[in-house]
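Thank you for sending this entry for comment. My notes follow as numbered points, written for someone meeting the structure without any background.

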Amino acid sequence: MKKCLLFKVAVIGAGAAGLCAGRHLIVEPDRFEFDIYEQQDDVGGTWRFSTHTGQDQYGIPVHSSMYKNLRTNLPKEVMAFPDFSFQNCDGRSFLHHTEVLFYLEEYAKHYGLYEHIKFHKLIESIRPLKQENMTEWAISFSDVITKEKETYIYDAVMVCNGHYSVPYFPEILGLNNFKGVMIHSHDYREPQDFKDLKVVVLGAGASGIDIAIEVSYVAKEVILSHNTPPKTCPLPDNTRQEKGIESIDESAVTFIGGKKYKCDALIICTGYLYHYPFFEPSCNVEIGDQKVSPLYLHMFLIDYPTLAIWAVPKLIVPFPIYDQQSKVFLKFLKGLIELPSPEVMRAETEKDFNRRLEAGFKPRHAHLMPGDWQWEYDDALCKLGKIDPVPPVVRNLFRHVHHLRTLDVIRYKDTKYNLVDNKTFEQVN
């Protein structure tokens, strides 16, 4: 660990996680100098909607997976950073994506982060420079407009580029033979493209269900295909469920079990890949089947813990957890807390992975945190960082909304909430 008082920190990405990192860095100018690198025109990351699909105006793969009508699947009372509330939004709890983007823009302005952000900068390489008893980091980047390349040296790196930008396509026999409309949810923008079509939506996560419901209002028929337990709540009249897809031909899909269905369109909602193309081999970062390793507490790079990665855990309340991670990481940099030895960190990480397998998780669910798993994770961060946990009211409301969604997936977003105190919320409609 560096012994001098001032740390130079590189933050990769100016989405929610990167802005949160900057918010905590900027309040200690005597301890931290920092730059935030962002390849887009402005802040917001995946919340910055783009009509483009494929590549943007600079020839870079489109980062955002927002679609035109997306509303949050968590209420703003749960989503907010702990020290910066959402605007009133006419009392609504579930917000349109443009309102979340506005919130992030205001957050960046409030904390004076814009002067620290280098826009239009594409990170090309992150490389550790081993010094005696410490590691520095060489960050190489290019300007997406001028193509000019530069390299700066930092003491620590906070990787905050998210994991909702590179689509995951499952291996399905005949997938590339389909002649109808086929897109990943990453490229889905609006339902009118599916008017009067017979549509199969593969995947019943948050995006799969939301898109299936939205498309159902214009489509002839929608099949929600998935391998999770059947949804027992009401679905639109023209929507039904089937098992996952076993194979595909030019005009039809065959579901597991042999049932064949002729369709016009296939929307693949199977999630995203972890993607860190800038890590040099010397970083020792391994990305397997939806598993990033070796990471302690799903964030610290065990071999070089002055580099950490945000937004690796899935199925969490993102903004509050990002805030917790930032507090813990900066405490570590300042020497206020100590990490276990690399051997202990590896052993604990392996224990966490094996516990998941014993609980019925698949190997690709290494970073999945459904239900109370995320609160156990928060508790582990708090124990290491000696910080307060996410407030009980946030945990309680998250549980409530998760349950309500299982009962009424069509209308649960119409519910409004108020936070009464640190433990209690109320439903106001």
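1. Which strands and helices each supply at least two residues of the lining of the second largest pocket? The model is a predicted one, and in it the contributors at that level are the strands β17 (292–293) and β18 (295–296) together with the helices α6 (342–358) and α7 (373–385). Among these, α6 gives the most to the lining, with seven residues.

2. The second largest pocket holds about 620 Å³ of space, and its lining is made up of 24 residues. Those that lie nearest the centre of the pocket are Leu297, His298, Glu348, Asp352 and Ala380. Sorted by class, the lining has 12 nonpolar residues, eight charged ones and four polar ones.

3. A separate part of the model to look at is an open sheet of three strands, which has the order β12-β13-β14 and antiparallel pairing. The edges are taken by β12 (245–248) and β14 (260–262), each of which has a single partner strand, so that one side of each is left without a neighbour in the sheet. On average, and with direction ignored, neighbouring strands of this sheet are turned by 25° against each other.

4. The pairing within this sheet can be followed residue by residue. Strands β12 and β13 are joined in the antiparallel sense over three bridges, with Ile245 standing opposite Phe255 in β13, and the hairpin that connects β12 to β13 passes through three residues. The hairpin of β13 and β14 has four residues between the strands, and in it Gly257 takes a positive phi near 110°.

5. Is β13 covered or open on its two faces? Side chains in a regular strand alternate between the two faces of the sheet, and in β13 both faces are covered, with Ala252 and Thr254 buried on one side and Val253 and Phe255 buried on the other.

6. Strand β1 (residues 7–12) is mostly covered as well, since five of its six residues are buried. Its pairing with strand β2 (residues 32–38) is parallel and rests on six bridges, one example being Ala10, whose bridge partner in β2 is Asp35.

7. A reader may also ask how many disulfides the model contains, and the count comes to zero. In the case of Cys283, the closest cysteine sulfur belongs to Cys160 and is 15 Å away, which is too far for a bond. Cys382 is in no disulfide either, as the nearest cysteine sulfur, that of Cys20, lies 14 Å away. Both of these cysteines are buried, Cys283 with a relative accessibility of 0% and Cys382 with a relative accessible area of 9%.

8. Lastly, Ile287 has its place in strand β16 (residues 286–287). From Ile287 to Leu273 the separation is 14 residues in sequence, and in space the two are 9.3 Å apart, C-alpha to C-alpha.

Conventions. Residues numbered from 1 in each chain as written. Predicted model: local features only at pLDDT ≥ 70, side-chain atom pairs only at ≥ 80, totals over all residues. Heavy atoms only, no water. 1 Å grid on protein atoms, 1.4 Å probe; cavity = no way out; pocket = protein on both sides within 12 Å on 5 of 7 lines; lining within 4 Å. Points joined across faces, edges and corners; volume = space filled by probe spheres on them. Nonpolar A, V, L, I, M, F, W, Y, C, P; charged D, E, K, R; others polar. Disulfide = S-S within 2.5 Å. Buried < 20%, exposed > 50% of the residue type's maximum accessible area, 1.4 Å probe, protein only. Pairing = 2+ DSSP bridges. Axes fitted to C-alpha atoms, helices over the stretch in contact; angles between N-to-C directions.
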